[in-house]
Amino acid sequence: MDVLLDNLDLFGPFFLRTIELFLIAGVGSLVFGTILAMLRVSPVPVLRSIGTVYVTVVRNTPLTLVFAFFVFAYPRLGIVDLDYFTYAVIALTVYTSAFICEVVRSGINTVPVGQAEAARALGLTFSQILGQIVLPQSLRSVVPPLISTLIALLKNSTIASGFSVAEAGAIRQYISERGDSQLIALLWVALGFIILVAVLSLVQRSLEKRWSVAR
């Protein structure tokens, strides 16, 4: 307990930074991943190919390499100069979106084809069918895997500590410099992540209960 109390100036701000990183990257991943899923089921072959290539490449690339690209390679392009936190958000969003895409696409495939055919018979466009009929139903059916992907995003955020982002994964290094026990510090960090994951699990159960009634 002394390690925690003596270093609250680290645990508090660094965990808040982790939550901030998770929330921004999580929202970005949900939005971009859904767009990618729409490309994957698009009737336009070129759009389907773009979505497929993106997902295939990113899913098979280690997250550390994605971070390394945005932190070290991207700045050399001289396009826009960003801080390390923003690079971390972009890296996590780019990576996690590929997994969100596949989750959403699997949900889209659970919606009966007859509903889309009936909507086309009524004159609805592809975007209207997807946005008004298919996506609302598909997202309800994939809540557990979506939350699981977001939990993975939360834990993956610790990689940002290796790229000069002051978040929970970096606490051990600062504790070491102060001469306190790194093992005890890591146990407190682990407990912090357990609590955050428990909160996400509660959100999952709440959404499942609410949307099961809505069906």
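## Helices α3 and α5

In this predicted model, helix α3 (residues 45-59) and helix α5 (residues 84-108) have axes that come within 9 Å of each other and cross at roughly 120°. Axes here are lines fitted to C-alpha atoms, for helices over the stretch in contact, with angles running from 0 to 180 degrees between N-to-C directions, while helices are DSSP runs of H or I with at least four residues, numbered from the N terminus. The angle makes α3 oblique to α5, a class that takes what is left once angles under 35 degrees are called roughly parallel, those over 145 roughly antiparallel and those from 65 to 115 roughly perpendicular. The crossing of α3 and α5 is left-handed, meaning that the near helix is turned anticlockwise from the far one by less than a right angle.

On the α3 side the contact (heavy atoms within 4.5 Å) is made by Y54, V55, V58 and R59, and on the α5 side by V94, Y95, A98, F99, C101 and E102. These residues divide into 8 nonpolar, no polar and 2 charged, where Ala, Val, Leu, Ile, Met, Phe, Trp, Tyr, Cys and Pro count as nonpolar, Asp, Glu, Lys and Arg as charged, and the others, Gly among them, as polar.

## Helices α2 and α3

The axes of α2 and α3 come within 7 Å and cross at roughly 130°, which makes α2 oblique to α3. Here too the crossing is left-handed. From α2 the contact draws on F32, L36, L39 and R40, and from α3 on L47, R48, I50, G51, T52, Y54 and V55; by class, it has 7 nonpolar, 2 polar and 2 charged residues.

## Salt bridges around E102

The structure holds 4 salt bridges, each defined as a side-chain nitrogen of Lys or Arg within 4 Å of a carboxyl oxygen of Asp or Glu. In one of them, E102 pairs with R40, and the closest N and O atoms are 2.7 Å apart. Because E102 lies in helix α5 and R40 in helix α2 (residues 8-40), the pair ties together parts that are 62 residues apart in sequence. E102 is buried at 18% relative accessibility, and R40 is likewise buried, with a relative accessible area of 17%; buried means under 20%, exposed over 50% and partly exposed in between, for a 1.4 Å probe and protein chains only.

E102 also meets R59 in a salt bridge, at 3.7 Å from N to O, and this pair links distant parts of the chain, with R59 in helix α3 and E102 in helix α5, 43 residues apart. R59 is partly exposed at 39% relative accessibility. A further salt bridge joins E102 to R105 (2.9 Å, N to O), both residues lying in helix α5, 3 residues apart, or about one turn of the helix. R105 counts as partly exposed at 24% relative accessibility. Through shared partners, these salt bridges join R40, R59, E102 and R105 into one network.

## I90 in helix α5

I90 is found in helix α5 and is partly exposed, with a relative accessible area of 27%. Leaving aside residues up to four places away in sequence, I90 touches F70 and L82. The C-alpha atoms of I90 and V46, which are 44 residues apart along the chain, are separated by 25 Å.

## Basis of the values

Residues are numbered from 1 along each chain as its sequence is written, and side-chain values use heavy atoms, with hydrogens and water left out. Local features need pLDDT of at least 70 and side-chain atom pairs count only at pLDDT 80 or more, whereas totals for chains, interfaces and linings use all residues.

Notes: Helix = DSSP H or I, 4+ residues; strand = E, 2+ residues; numbered from the N terminus.
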